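Here are my notes on the model, point by point. Please read them with the structure open.

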Amino acid sequence: MEASAESGNLAGVRHIILILSGKGGVGKSTISTELALALRHMGKKEQSVSLMSVGFLLEKPDEAVVWRGPKKNALIKQFVSDVAWGQLDYLVVDTPPGTSDEHMAALDALRPYSPLGAVVVTTPQAVSVGDVRRELTFCRKTGLRVIGIVENMSGFVCPHCTECTNVFSRGGGEELAKHAGVPFLGSVPLDPELTRCLEEGRDFMQEFPQSPAFHALSAIAQKILKETPAQLS
């Protein structure tokens, strides 16, 4: 039975943002988490924000997921329909990597609630940019609006002097955004403190306001807020 935006458990969510990537290992879940925190602290009042990730439902998160497509798809639909999400300004959806059945299941389940769009995450390297190019094609074919591209792991912040060094490369995400005709939201550098906060369950956005990663994430969140100006009132 198709979900109903009037009666479903997402009816109280004002804006849904999907976080996508063309491949694993680009820090999509990190960006999802920190964007959710950044959005929460933005605006004249604290926003109500939650994070949806299929990994939250795994009974044994340390074990490999050996499921056929129908079981995974059913889990995604259950996550949308059976969780009491309540009243939220934003729901950030951390999707699985790639353009598989899980993507279609997530998009089909969320479509009745008119998602704001997708933030696509890449790293600067050419192999990642190539995979993200296919992710943009997925968005076009499914009619999912692209809010913009984020280039993650764009440099390394020294924990001693806070200078940012381009360990890998830089600019691949921005160049792709120009080529594809979609907004470039910004570059987020690697920061050991960010990694430590994620591992310890701490709020990086509150604890390290001087970090270049904080400024990058805040700027990206601000650009997303501009897509929904009513949230600033």
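What share of the contacts in the protein with a separation of 6 or more comes from residues 24 or more positions apart?

1. Overall fold. The answer is 77%. Keep in mind that this is a predicted model. The protein has 8 helices and 7 strands. Of its 233 residues, 48% count as buried. The exposed surface comes to about 11,600 Å², and carbon and sulfur atoms supply 52% of that area.

2. Strands 2 and 3. Strand 2 runs parallel to strand 3 (residues 88–94), and 5 bridges join the two.

3. The cores. The largest nonpolar core holds 33 residues. Ile17, Leu35, Leu39, Val119, Val188, Phe204 and Ile224 touch the most other members. Helix 8 (residues 212–225) gives the most to this core, with 8 residues. A second, separate core has 29 residues, including Leu107, Ala109, Phe138 and Ile149.

4. Phe204. Set aside the neighbours within four places in sequence. Phe204 then contacts Glu34, Asp191, Glu193, Leu194, Cys197, Ser211, Ala213, Phe214 and Leu217.

5. The whole structure has 6 salt bridges. In one of them, Lys28 pairs with Asp94, with the closest N and O atoms 2.5 Å apart. This pair links distant parts of the chain: Lys28 sits in helix 1 (residues 28–41) and Asp94 in strand 3, 66 residues apart. Both Lys28 and Asp94 are buried.

6. Glu193 and Arg196 meet through their side chains at 2.9 Å, N to O. Both lie in helix 6 (residues 192–200), 3 residues apart, or about one turn of the helix. Glu193 counts as partly exposed because its relative accessibility is 24%. Arg196 is also partly exposed, at 36%.

7. A charged network. Glu200, Arg202 and Glu207 are linked by salt bridges into a network. Within it, Glu207 and Arg202 bring their closest N and O atoms to 2.7 Å. Glu207 is partly exposed at 38% relative accessibility. Arg202 is partly exposed as well, with a relative accessible area of 26%.

8. A nonpolar surface patch. Phe156, Val167 and Phe168 form this patch, with about 260 Å² of accessible area together. Phe156 belongs to strand 5 (residues 146–157). At 31% relative accessibility, Phe156 counts as partly exposed.

Methods:
Residues are numbered from 1 along each chain as its sequence is written. This is a predicted model: local features need pLDDT of at least 70, side-chain atom pairs count only at pLDDT 80 or more; totals for chains, interfaces and linings use all residues. Side-chain values use heavy atoms; hydrogens and water are left out. Patches are made of residues with over 30% relative accessible area and no salt bridge: like charges are joined within 9 Å, nonpolar side chains (Val, Leu, Ile, Met, Phe, Trp, Tyr) within 5 Å. Accessible areas come from the Shrake-Rupley method with a 1.4 Å probe; for residues, only the protein chains shown count as cover. A salt bridge is a side-chain nitrogen of Lys or Arg within 4 Å of a carboxyl oxygen of Asp or Glu. Helices (H or I, at least four residues) and strands (E, at least two) are DSSP runs, numbered from the N terminus. Buried means under 20% relative accessible area, exposed over 50%, partly exposed in between (1.4 Å probe, protein chains only). Two strands pair if DSSP finds at least two bridges between them. A nonpolar core is a set of buried Ala, Val, Leu, Ile, Met, Phe, Trp, Tyr and Cys residues joined through side-chain atoms within 4.5 Å. Contact means heavy atoms within 4.5 Å.
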